[in-house]
Amino acid sequence: MSCALLLLLMSLALAMGTGAAVEIQRPRGVPLSKRQFYEENKPFTCLDGSSTIPFDRVNDDYCDCRDGSDEPGTAACPNGSFHCTNAGFRPAFIPSSRINDGICDCCDTTDEYNSGATCQNTCREMGRKERESLQIMAEITKEGFLLKQQLIHEAKRGQEDKQGKLTELQGSKKGLEEKVEALRTVKETAEDPEKEAKERHLKAWEEQKELLRMEKDKTRMAEAFLELDDDADGYVSVAELQSHLELDPDSDGSLSETETQGLLGGADKVDTSTFETVWSGIKDKYLSEVSQGQSEPPAPVETPQEESRDFVSDHDSDHYPEDYAGEEEEDVEDDEEDDHDEEEEEEKVPPTVQTPEKREDDEVSMPPYDTETQSLIDAAQKARDDFDEAERALREVDDQMKNLEKEIGFDFGPSAEFAYLYSQCYELSTSEYIYRLCPFNRVSQKPKFGGSETNLGLWGQWAGPEGNLYSVMKYDHGQGCWQGPNRSTTVKLTCGKETVVTSTSEPSRCEYLMEFTTPAVCQEPASLDEVLHGHTEL
Amino acid sequence: MFGMLWIDVYDMYMCSSSHQYPPDQLYAKEIMFTICTSMRQRALKPGQSPYRALLETLELTNTKLTLQLINDNNKVRLLLELYRLQGNMTRVKINELKPLKPRFEVPDVLINNPPTDLSLLSQDENGVVLSLGADSQWLIVSAKPFRLDIMEGREVLLSLNSRGLLAFEHLRIRKDTAEWVLNVVCPGWLFSPTGPSSISLDFSLPGVEHVYGIPEHADSLKLKTTDGGDPYRLFNLDVFQYELFNPMALYGAIPVMLSHSAQRTMGIFWLNAAETWVDISSNTAGKTVFGQMLDYVQGSSETPQTDVRWISESGIIDVFIMLGPTPTDVFSQYASLTGTQAFPPLSALAYHQCRWNYNDQEDVAAVDQGFDEHDIPYDFIWLDIEHTDGKRYFTWDPHKFPQPKDMLQGLMDKRRKMVTIVDPHIKVDSSYKIHNEIRSKGFYVKNKDGGDYEGWCWPGNSGYPDFTNPEMRAWWASMFAYDQYEGSMENMYTWNDMNEPSVFNGPEVTMHKDALHGNWENRDLHNLYGLYVQMATAEGLIERSGGVERPFVLTRAFFAGSQRYGAVWTGDNTAEWEHLKISIPMCLSLGLVGVSFCGADVGGFFKSPSTELLVRWYQTGAYQPFFRAHAHLDTPRREPWLFGPENTALIREAVRQRYALLPYWYQLFYHAHHSGQPVMRPLWVEYPQDTATFSMDDQFLLGEDLLVHPVTEEGGRGVTAYLPGKGEVWFDVHTFQKHNGAQNLYIPVTISSIPVFQRGGSIIPRKARVRRSSSCMEHDPYTLFVALSPKRFAQGELYIDDGHTFNFDKQKQFIHRRLSFANKALNLAPGSQFITPSWIEKIVILGASKPSKATLKTPDGKENLLEFEFDASMSVLTLRKPGVNAGVDWTVVLQ
């Protein structure tokens with residue numbers, strides 16, 4: 001047992017020796033920059049100044065300093081760190097707990113000097129690979145950055161164009177507004193005489209109609225009198241009237257003598273001139289004996305055109321590819337939502353049952369306007385059309401301005417380099433879905449093999465970390481999830497020559513992640529030498 | 001007629017009782033059966049038993065007494081068998097003397113059942129008296145009415161059938177007469193070819209006010225009385241979003257109850273795997289403290305007593321009465337019957353990172369990387385059902401996990417491990433090898449018509465292998481061989497979920513009771529299914545390594561004996577404070593009945609925890625045996641670094657505390673494996689006379705030396721912890737502050753940690769160099785925390801082995817040393833053969849005074865002065881670098 005311990009100490013000493021030979025004289029795990037604090041054979045003061053210990057307690061596998069600075073090369077301190085030089089690659093600090101844990105962390109293998117782990121020095125290989133990939137990245141960055149300049153230039157021009165267009169539109173808007181006002185006056189001026197003439201015409205027509213009606217009534221009365229006066233004695237008697245049950249005032253099915261007498265104004269019989277007053281009391285109910293018995297055909301009842309109603313149903317819009325227990329409930333909820341939508345749509349459908357216009361047979365249509373009136377009407381109509389036309393033009397200009405203002409108002413990055421993405425869409429096809437990113441608008445997902453589109457989020461905001469705000473886009477308030485949030489998508493932007501969606505994933509249910517390359521995020525490239533050697537320690 | 005009858009009763013039940021049963025008419029019949037059984041039985045009220053012992057039939061061998069019982073109402077005879085078992089236990093078996101066909105007796109649960117001498121003391125026409133060996137204990141069999149009393153001296157420890165609730169529905173040939181139907185309260189005939197077959201027996205426990213156990217229920221540690229409510233139900237079920245403080249059945253069932261009083265601890269083990277109910281009543285339950293005081297002062301009144309009644313739907317009465325008298329004795333007694341906790345690989349005691357689901361290999365790699373970036377240790381990453389090819393277990397999704405071995409190798413390079421899920425429902429799919437083999441070998445559970453039983457589960461239509469069949473289990477085990485389970489490697493372990501079994505379209509989401517396992521109906525052995533699944537899986541993991549490596553298998557369903565096969569967790573809990581709170585009594589209850597390796601999903605499975613709840617859950621979980629974070633598919637991601645640097649640091653600290661304490665955890669599990677003592681213990685187990693501890697379940701002990709009081713209140717600013725032990729002291733492990741025992745102590749808390757205390761008089765080994773996985777820490781040195789008792793004494797142990805093989809057992813390759821303060825350290829197991837490179841780094845002595853010098857003496861006669869630091873404000877003495885190997889003798893002398 002003590003043997004094992006001795007071995008352990010021996011191997012420690014050995015390792016120390018070899019380590020020191022490779023590196024510039026300094027204790028294991030100390031970076032060059034801190035070498036001066038570790039002077040051999042002088043008492044060591046913890047870097048936080050908390051205490052001073054003999055130098056042989058540096059790296060003696062026992063933690064004496066609170067800040068861990070006495071054990072840069074062992075795992076003894078919980079808060080220590082170990083420096084790997086990694087010649088040929090990048091130097092690094094690793095937590096002390098990774099020293100001799102059997103896992104190769106430093107590419108120069110210096111962290112595993114006593115664990116039995118066999119590590120290969122991979123620094124050169126890694127350095128080569130990193131240089132290669134940095135080179136590739138640098139080229140991409142370089143080209144991407146050129147493209148970005150172009151994009152900025154185009155965006156600037158585009159922005160100027162839009163601004164110019166806006167100014168132009170503002171000018172034409174003013175003109176249009178004046179025109180609308182002028183035409184409104186013209187219209188109103190033309191409409192006054194039109195109104196008067198039309199009213200006049202209508203009044204004349206009404207009077208004529210009244211005359212005609214009275215004429216007709218008189219004729220009907222005469223006919224009725226003749227019809228009623230069965231014995232042609234020039235009088236209508238109670239008995240003669242009594243056969244007209246439809247005149248029964250209390251609708252009990254019989255017309256008594258008293259009732260009939262009442263209808264005749266208390267008289268037993270009336271002559272033609274007195275009948276005039278009687279007639280006005282019964283004419284609404286009176287049925288001609290000629291037309292009685294011959295029933296009129298019923299008015300056609302139009303059936304609602306049910307088959308023509310078209311529901312927009314998207315029941316299948318929200319199915320997950322897999323089936324889970326909880327899913328059924330989800331479907332139920334979705335269905336409910338859909339039902340709700342349907343109801344709303346139903347409400348929106350205009351009533352389709354059309355009541356047929358009532359038309360009295362004997363109604364005669366109004367005679368055409370006289371030429372004078374007609375010309376007034378034509379003039380007014382023209383004024384109205386001109387006015388509407390002008391107003392429409394104004395509205396169009398307004399809309400154009402609003403869209404332009406919206407676009408100009410968007411945050412397209414510090415130099416508007418993202419402006420070119422506006423109103424574009426980019427797709428990525430996976431084994432199951434087609435993902436679609438429309439920057440500054442929305443993200444969606446559509447199953448490849450049928451099924452409707454799912455909204456994965458609407459444009460929210462730039463959401464990168466401080467100092468790099470334009471590296472992440474956030475789209476939220478997408479379609480809701482069962483027991484979860486509304487779907488949302490985070491889009492990570494990386495520098496690339498092309499504008500492409502490179503990957504999508506759903507790290508958490510209903511929270512999507514999309515990787516998107518665009519030249520617009522390419523940073524000004526540092527010189528390649530700087531990238532490769534800038535932070536390398538010898 | 002039938003229909004009317006059952007609908008009526010069904011309605012009655014729905015009005016009067018809880019929500020365990022979904023109000024779905026489809027299942028009404030099966031549910032009715034369940035309800036009927038408990039209703040028929042519960043309708044029977046205490047009174048004179050119709051059973052009489054026929055003393056003339058008595059037969060006695062030196063280990064066994066048999067005797068016939070007759071029911072004077074129907075003349076049906078039962079056979080009583082009595083055994084006295086080694087270790088102070090009595091076994092009572094009652095079966096029909098001549099059943100129409102055999103009744104089910106539970107196999108494969110008992111590992112041992114050693115009968116011992118039984119002698120007749122006296123006999124007359126009223127009954128017989130048997131000696132139970134020493135301790136002046138005897139067993140009285142009274143003939144009319146039949147009852148059993150176990151006595152010690154003049155004191156009755158426990159009585160059986162003293163309330164006359166022994167009931168045995170004997171098997172019958174079906175008679176379709178109206179008269180018959182009217183004579184039964186519930187038409188059990190509708191469902192079972194031999195009629196209702198339930199059994200029942202009552203137990204009276206004089207002097208007992210506290211009973212525990214019978215997991216699994218989301219309820220307090222101390223069991224409640226069930227008068228006027230539902231009984232505690234034991235029936236393995238996949239319960240969706242279970243409710244708390246409720247006797248409803250959950251995923252597992254262990255029909256073992258412990259009784260405890262200041263005088264004695266006992267246990268009742270009701271060995272029956274059918275659906276079971278337990279009713280508890282107490283004569284003191286309704287009394288106020290004042291009332292009890294009054295009784296005491298007046299010296300009047302009855303002694304307190306708890307009455308318990310067990311009911312099972314089928315099978316026989318087979319009861320083991322464990323007579324204690326101490327809690328430790330009961331644990332040993334139960335362990336001698338059903339075995340001890342499997343000794344897990346050390347890494348399984350570390351932290352587990354799980355989620356439904358880690359989406360693909362890249363996701364696994366990213367999470368693994370995340371732990372390293374944030375310097376948080378973890379040992380296992382888990383894959384839930386989505387990793388498979390269409391929920392076909394033993395396969396991988398070819399798109400998401402195209403190169404499982406590369407992934408596993410990547411983890412192995414970091415000395416980490418993985419668990420994949422293997423559930424017992426098998427997709428019915430003729431292009432699936434596992435299904436085809438099970439079908440062709442006839443290994444599926446059958447429906448009553450003889451066809452393969454099929455039900456709906458994750459893969460859709462599924463078959464259920466008959467794990468009760470030993471051939472099936474052997475075949476299943478062989479499927480874990482590296483050449484069978486493609487893509488598996490030695491650092492991949494297994495999770496058995498849904499093994500109640502869960503059947504989505506079955507009654508109460510489980511298997512139909514008339515499904516057939518060989519000749520037995522599911523109704524007879526339902527609660528055993530999950531145990532067998534884990535048994536076969538664990539066997540598979542052992543076999544694949546040629547019997548060398550210890551397995552690790554997590555199960556959701558369990559039964560008595562499941563402790564032998566791995567870990568259990570408390571199922572699909574919810575991200576709510578109350579669920580954090582209930583994790584304590586749920587795991588304590590399991591620990592009392594053998595299952596030490598218990599944990600709850602950290603963070604809560606359903607829903608999304610607040611950051612504070614998540615942090616508190618990590619802090620609690622770090623001090624519970626099975627420490628795994630898990631989350632539902634629909635919840636947002638919650639890896640520890642997603643909640644800002646401050647919370648990442650808090651979670652890192654909680655996990656690091658766990659890792660530092662792994663030597664102690666491992667030692668506790670060695671003891672659980674060796675002697676059946678629970679790892680996580682209620683206070684009363686160590687302080688059996690301290691009545692203040694009897695109902696406590698908001699704090700607990702780990703072993704006997706650590707006391708943990710989790711913070712389970714939102715915004716908690718402090719907790720009141722009870723420190724037990726008059727004359728003892730406890731040291732706060734975070735501040736080293738000393739507190740006296742036998743007091744309620746208010747401890748202010750911040751979000752940074754939960755209160756944990758080390759008992760004065762103990763020595764706890766830790767490893768202070770927390771690394772990224774437990775394997776990385778294997779050879780690291782130990783720091784010993786010596787907490788002195790007021791008499792300036794302390795002792796502890798150090799257990800070391802290779803951490804993952806059976807060599808500790810087969811070749812005795814372990815170090816187990818006793819450490820005692822100021823005494824020479826002694827080797828506990830002189831024959832052990834193990835060499836460790838680990839050494840003693842530091843000794844921290846709490847409650848010490850300042851010595852003038854400290855001398856280390858090693859066996860080679862050398863003496864070295866040790867440097868030390870003394871913190872006078874907290875009386876903490878730290879001895880610098882003794883440097884001795886952890887496997888050798890040494891002594892430190894303080895002067």
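E216(B) sits in the loop between β13 (210-213) and β14 (232-234) of chain B. Helices (H or I, at least four residues) and strands (E, at least two) are DSSP runs, numbered from the N terminus. The peptide bond from P215(B) to E216(B) is cis, with omega near 20°. There is a cis bond between K144(B) and P145(B) as well, with omega about -10°. P145(B) belongs to the loop between β8 (137-142) and β9 (147-152) of chain B.

Before I go on, some housekeeping. This is a predicted model, in which local features need pLDDT of at least 70 and side-chain atom pairs count only at pLDDT 80 or more, while totals for chains, interfaces and linings use all residues. Residues are numbered from 1 along each chain as its sequence is written, chains are lettered from A and ligands numbered from 1 in the order in which they are written, and side-chain values use heavy atoms, with hydrogens and water left out.

Next, backbone angles. Most residues other than glycine have a negative phi, and most peptide bonds are trans. N86(A) has a positive phi, near 50°. The loop that holds N86(A) runs between β3 (81-84) and β4 (92-95) of chain A. Is N86(A) buried or exposed? N86(A) is buried, at 3% relative accessible area. Buried means under 20% relative accessible area, exposed over 50%, and partly exposed in between (1.4 Å probe, protein chains only). K607(B) also has a positive phi, near 65°, and lies in the loop between β31 (598-599) and α13 (611-621) of chain B. K607(B) is partly exposed, with a value of 38%.

Now salt bridges. The term means a side-chain nitrogen of Lys or Arg within 4 Å of a carboxyl oxygen of Asp or Glu. How many are there over all chains? The count is 78. In one of them, R772(B) and D105(A) meet at 2.5 Å, N to O. That pair crosses between chains, with R772(B) in the loop between β41 (762-766) and β42 (782-787) of chain B and D105(A) in the loop between β4 and α2 of chain A. R772(B) is buried at 4% relative accessibility, whereas D105(A) is partly exposed at 27%. Both belong to a salt-bridge network, which also includes D101(A), D368(B), D372(B), K414(B) and R416(B).

Within chain A, E407(A) forms a salt bridge with K162(A), the closest N and O atoms being 2.9 Å apart. E407(A) is in helix α7 (residues 371-409) and K162(A) in helix α2, so the pair ties together parts 245 residues apart in sequence. E191(A) and R384(A) form another salt bridge, at 2.8 Å between the closest N and O atoms. Here E191(A) is in helix α2 and R384(A) in helix α7, 193 residues apart.

Helix α2 (residues 123-228) of chain A also holds E188(A). Together with D192(A), E196(A) and E199(A), E188(A) forms a negative surface patch. Such patches take residues with over 30% relative accessible area and no salt bridge, and join like charges within 9 Å. E188(A) is partly exposed, at 43%.

Last, the record. An unreviewed UniProt entry lists "domain: Glycoside hydrolase family 31 TIM barrel" at residues 342-668 of chain B. UniProt annotations may be inferred rather than shown by experiment. Over residues 342-668, chain B is 34% helix and 13% strand, and the end C-alpha atoms are 12 Å apart.

Technical notes: Patches are made of residues with over 30% relative accessible area and no salt bridge: like charges are joined within 9 Å, nonpolar side chains (Val, Leu, Ile, Met, Phe, Trp, Tyr) within 5 Å. Accessible areas come from the Shrake-Rupley method with a 1.4 Å probe; for residues, only the protein chains shown count as cover. Lys and Arg count as positive and Asp and Glu as negative; His and the chain ends are not counted. The place of a charge is taken as NZ of Lys, CZ of Arg, CG of Asp or CD of Glu.
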